[in-house]
Amino acid sequence: MRTILMTGPGGSGRTSVAAATALDAAREGIRTLVLSADRADTLGIALGGVTGPVPSEVAENLTAWRPDAAGRFREDLTAFQSRAANVLDLLGAARLDAEEVTPLPGAEELSLLRALRDAALSERYELLVVDLPPLPQALALLALPEELRRYLRRLLPPERQAARALRPMLGRLAGVPMPADWLYETAGRWDLELAAVEAVLADPGTSVRLVAEPGPAGVEAVRDATLGLALRGLRPESLIANRVLPDAPADSWLAGPLAQQRKALDEWEGEHAVRPVRHLGRDPQGADDLAALAVPPVTPAPAPVEWSVTDRLADDGVLVWRLPLPGAVRESLDLIRRGDELVVSAGQFHRIAPLPSALRRCTVAGAALRDGVLDVRFAPDPALWPTTGR
């Protein structure tokens, strides 16, 4: 299955491009699902119909779905209150009625990730086109599964489940109820669900298309997005330069905007696979307008970004972890080793990455940034590294 994640700066027209990409693939006979997290039905407007919380066929081979974050949040909270009844009663907590529950910040993102997972596991579709939120919310969403799994493992380590038999006795000694089995079972279920989402995002068939309008703001947004994606191990498959203006006489009022667009396009051409999409003079609405955009077709996904370990033990006595970070600046980089993890900060973006197994027995011996690649050197720890010749 092929998955295309579509994002870009707010107001860049990414939803229209996502809709056009999905419709174009469906017309080629590819069973396609287009997903959107937008509260307003921008996707439906672009497609010339209505989309909602139930997947609906909007054209031959094309299904559209806007998951209902509010409804799913109410269901989850109601189920949690039912299972945690004893603890809530002990605390004297008042239950919330479903009618008074409103989604918390982030509920839309979680709902979209669940829908993405469910669609991938259903095997009903050959292509998923996902209309992500605007940058930088989309970058935070892509980081969410990994970060939530890390929080779960820290708060409820799986190895604690081995002590289940002791909990009743400990509860009597402490005089308060100990965490119930359902808490660990719930954490385990969440971990599996998040792992399934991570698997979809990390799948070789998943790629990212950036949508931006050529101009100073678009250039800055794309530069930041490229670095943020690289920190997650992703690279843009292509950069769709949306709303490209037609040529006009030098004395036309379009001369200024055209010059800005051409400058941005020239800058992008050296760094990205740029795919121009022309300006229709209006917001696309309906199948005919989407077809007129002539968006780039679906192609095989590019090779994923690899954070590879290079063995230089024989020559330099170190192992090198190579982290591609295009656009990173040395002054904005920060590295912290914390146990078996490496905290990487690049500008406004952060990631706590687990170390490959070989590097866990090493100490950090330095780092260098060259040509958009961060090389982190690790020297074997004599106390942990196996020796030969004894």
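A pocket here is an open set of grid points with protein on both sides within 12 Å along at least five of seven lines. With that in hand, here are some close-ups of this predicted model.

**View 1. The largest pocket and its centre.** This pocket has a volume of about 1,000 Å³. It is lined by 44 residues, and the closest to its centre are E146, L231, R232, G233 and R351.

View 2. Helix α6 (137–155) hands over the largest share of the lining of the largest pocket, with 11 residues. Sort the lining by class and you get 24 nonpolar, 14 charged and six polar residues.

View 3. Look for Q261 in helix α10, which covers residues 255–269. Is Q261 buried or exposed? Its relative accessible area is 5%, which is under 20%, so Q261 counts as buried. Skip its neighbours within four places in sequence, and Q261 is in contact with E213, P214, R243, V244 and L245.

**View 4. The largest nonpolar core.** Zoom in on a core of 60 residues, where W268, W321 and L325 have the most contacts inside it. Helix α9 gives the most to this core, with seven residues. A second, separate core has 25 residues, among them V34, A46, L47 and V277.

**View 5. Around L325.** Again leaving out neighbours within four places in sequence, L325 is in contact with L227, A230 and L231, and also with L333, G372, V373 and L374. L231 turns up in another view too, as one of the residues closest to the centre of the largest pocket.

How values were computed:
Residues are numbered from 1 along each chain as its sequence is written. This is a predicted model: local features need pLDDT of at least 70, side-chain atom pairs count only at pLDDT 80 or more; totals for chains, interfaces and linings use all residues. Side-chain values use heavy atoms; hydrogens and water are left out. On a 1 Å grid over the protein atoms alone, a cavity is a set of points where a 1.4 Å probe fits but cannot get out, and a pocket is an open set with protein on both sides within 12 Å along at least five of seven lines; lining residues have an atom within 4 Å of a point. Grid points are joined across faces, edges and corners, and a volume is the space filled by probe spheres set on the points. Helices (H or I, at least four residues) and strands (E, at least two) are DSSP runs, numbered from the N terminus. Ala, Val, Leu, Ile, Met, Phe, Trp, Tyr, Cys and Pro count as nonpolar, Asp, Glu, Lys and Arg as charged, and the others, Gly among them, as polar. Buried means under 20% relative accessible area, exposed over 50%, partly exposed in between (1.4 Å probe, protein chains only). Contact means heavy atoms within 4.5 Å. A nonpolar core is a set of buried Ala, Val, Leu, Ile, Met, Phe, Trp, Tyr and Cys residues joined through side-chain atoms within 4.5 Å.
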